[in-house]
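Have the sequence and the structure open as you read.

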Amino acid sequence: MMKKISIIVPVYNVEKYVEKCIQSLINQSYKNIEIILVDDGSNDRSNKIIDEYAKVDSRILTIHQKNKGVSAARNAGLKVATGEYVGFVDPDDYVDYQMYETMLKKIELNMSDLAVCGFSKVTELSDKEEIFEIKDELLSPKKCVEDLFDFRGGYAIKPSVWNKLFRRDKIGDLKFDENIGISEDLKFVVQYILKCNSIVYVKQAFYKNLQRDGSITRSKGKAAQIIKTVEIDNFVYDEIKKIYPDLREVVLDWIVQDNRGWYGLVKQEDAEIAKKMKKMIMRNRWRIMSSKRIYWKEKVIMLVGWF
């Protein structure tokens with residue numbers, strides 16, 4: 001019996017992009033899928049577009065809810081998903097027609113709990129692609145965690161949910177944190193990987209990630225959400241340290257870079273929130289100073305106040 005894949009798409013004000021996304025899912029070479037389109041309170045034509053598609057393809061289920069954010073939309077999709085496997089696609093992105101067939105074959109053949117494929121960054125105006133392929137490989141959850149955070153080694157994979165195929169039974173009661181609007185993927189993906197027995201990488205860049213000005217992670221006015229990334233980073237550090245204590249240096253090194261990057265954005269937008277964020281970040285200063293992995297120049301910057 002063919003296994004079913006549930007593909008969850010959170011939809012919010014993407015009338016310009018969502019049809020291309022849906023078409024790429026409808027045209028998948030693997031046909032036993034359900035496409036769950038969750039309208040998160042759109043005030044453009046997105047909600048009408050997805051309803052029209054549901055009328056012509058019985059595999060499409062639409063959900064409409066008040067605006068609660070991408071995490072709530074994905075959770076709503078998980079609640080009704082009936083497939084043995086689950087994938088997530090952002091509504092302004094699209095996928096290669098062989099993506100889910102190939103990933104399902106790999107995950108079943110290797111009896112793995114997670115499949116991860118390569119991806120491309122696609123520039124909106126030019127359709128130019130920057131391709132990020134990964135090596136075909138079967139690996140342990142520990143190695144996968146290291147690949148997520150070892151930026152000095154070149155990042156083998158991203159902590160996003162969209163280029164991955166998850167087992168529904170392994171997800172269990174795991175949900176996206178609805179109290180955060182940035183880095184929600186990181187928390188979910190790390191928690192899931194720590195439940196896995198093995199992960200399989202799929203080389204091809206099947207997922208097409210559109211780079212546009214209005215996407216969530218590039219929107220301005222997010223200072224109050226960005227400050228929560230510090231809490232998420234610390235949560236992830238603590239969870240990984242419990243299971244793989246020898247990876248704590250790798251994760252801490254990544255956290256320093258992540259904190260500094262987000263702080264720079266907040267500092268430009270809101271001085272008061274920036275002060276709060278700085279205090280939160282500085283709580284890690286003793287961990288950072290004692291790290292053997294973090295470069296001494298970064299430690300000096302920390303000693304003089306970092307920012």
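A charge sits over a ring if NZ of Lys or CZ of Arg is within 6 Å of the ring centre and within 35 degrees of the ring normal. This is a predicted model, where local features need pLDDT of at least 70 and side-chain atom pairs count only at pLDDT 80 or more, while totals for chains, interfaces and linings use all residues. Residues are numbered from 1 along each chain as its sequence is written, and side-chain values use heavy atoms, leaving out hydrogens and water.

**Charges over rings**
- Arg74 has its charged end over the ring of Phe176, 5.1 Å from the centre.
- Lys187 lies over the face of Phe235, 4.6 Å from the ring centre.

**Aromatic pairs**
- Searching the whole structure turns up 10 aromatic pairs (rings of Phe, Tyr and Trp, the last by its six-membered ring, with centres within 6.5 Å; planes under 30 degrees apart are stacked, over 60 edge-to-face, the rest tilted).
- Phe149 and Trp254 pair edge-to-face, at 5.0 Å centre to centre and 85° between the planes.
- That pair links distant parts of the chain, 105 residues apart: Phe149 is in helix H5 (residues 141-149) and Trp254 in helix H10 (residues 248-269) (helices are DSSP runs of H or I, at least four residues, numbered from the N terminus).
- Phe149 counts as buried because its relative accessibility is 1% (the cut-off is under 20% relative accessible area, with a 1.4 Å probe and protein chains only).
- Trp254 is buried too, at 10%.
- Phe176 and Phe188 are stacked, 4.0 Å centre to centre with 5° between the planes.

**Aromatic cluster**
- Phe88, Phe166, Phe176, Phe188 and Tyr192 make up one aromatic cluster.
- Within it, Phe176 and Phe188 are both buried.

Notes: Helices (H or I, at least four residues) and strands (E, at least two) are DSSP runs, numbered from the N terminus. Buried means under 20% relative accessible area, exposed over 50%, partly exposed in between (1.4 Å probe, protein chains only).
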